[in-house]
Amino acid sequence: MKLNALIDALTFLAVALGLYFAFIYAPVENVMGPIQKIFYFHVASAWISFFAFFVTFICSFFVLFTNRYIFDDIASGSAEIGIIFCTIVLITGPIWAKPIWGTWWTWDPRLTTTLILWFIYVGYLMLRKFLDEEDKRAKFSAALGIIGFIDVPIVFFSIRWWRTIHPNVLQKGGGGLAPEMLTALFVSLFAFTLLYIMMLVKTAVIKHMFRRYEKIASNKGEI
């Protein structure tokens, strides 16, 4: 309980600090203006969605090789959080793109592969809903969690592999970002990472408790 309280407190402080750095510390971009502030949340959300799906990927291997359901709880919980942040990416991107590119959406490689990634993990959650048998649900989901992760590096490297209008800021020199903007970005990444950890801990605990409840309700074994 003390560890959870500590994580909650650190997350609250980090998010507050991230908001300060994004809206006050970081200067307004000369060309795009205030709309560029979305950048700090857009990129941080993308990072968390990638990281969340990576955790699902790793835990899925543990599900297959250990048959321990705690890893299934972590994998599915991380996938749920990843979808939340991937959805934020797909919402903030068009909001940012409209005044800058003049359109809400283009079938740019980065945008298209991100949308595919979102559909893959929505399918992952749908698969879990359709399978009632615990062991089959865990293993089938693990297989999809491993295969689906293939799209993550494709999304990341899409702006290097294909012609794209999507900017690349995570490169040497910060992609032309001012030092204050780069600092604000790193603070946002740190804050969102803590937010992810907090959400994952709570989600995994809830899933574990629900699994124990189902065992009690069905009288299929001791806890």
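**A charged pocket lining, a helix and a core**

By class, the second largest pocket is lined by nine charged residues, two nonpolar and one polar. That is where I'll start. Keep in mind that this is a predicted model.

The volume of that pocket is about 340 Å³. Who lines it? Asp-73, Ser-76 and Glu-80 are there, along with Leu-125, Arg-128, Lys-129, Glu-134 and Arg-137. Lys-207, Phe-210, Arg-211 and Glu-214 complete the lining. Helix 7 gives the most, with four residues.

Now helix 1, residues 2-25. How far apart should its ends be? At 1.5 Å a residue, its 24 residues should span 34 Å. The end C-alpha atoms are 32 Å apart, so the two agree.

Which residues of helix 1 are buried? Ile-7, Thr-11, Ala-14, Gly-18, Phe-21 and Ala-22. An α-helix has 3.6 residues a turn, so residues three or four places apart point the same way. The buried residues of helix 1 pack against helix 2 (38-66) and helix 7.

Last, the core. In soluble globular proteins, nonpolar side chains tend to be buried together. Here, the largest nonpolar core has 42 residues. Those touching the most other members are Phe-39, Tyr-40, Phe-53, Leu-117, Tyr-121, Leu-185 and Tyr-196. Helices 1, 2, 3, 4, 5, 6 (151-161) and 7 each give two or more residues to this core. Helix 2 supplies the largest share, 13 residues.

How values were computed
Residues numbered from 1 in each chain as written. Predicted model: local features only at pLDDT ≥ 70, side-chain atom pairs only at ≥ 80, totals over all residues. Heavy atoms only, no water. 1 Å grid on protein atoms, 1.4 Å probe; cavity = no way out; pocket = protein on both sides within 12 Å on 5 of 7 lines; lining within 4 Å. Points joined across faces, edges and corners; volume = space filled by probe spheres on them. Nonpolar A, V, L, I, M, F, W, Y, C, P; charged D, E, K, R; others polar. Expected span 1.5 Å × (residues − 1). Buried < 20%, exposed > 50% of the residue type's maximum accessible area, 1.4 Å probe, protein only. Contact = heavy atoms within 4.5 Å. Core = buried A, V, L, I, M, F, W, Y, C linked by side-chain atoms within 4.5 Å.
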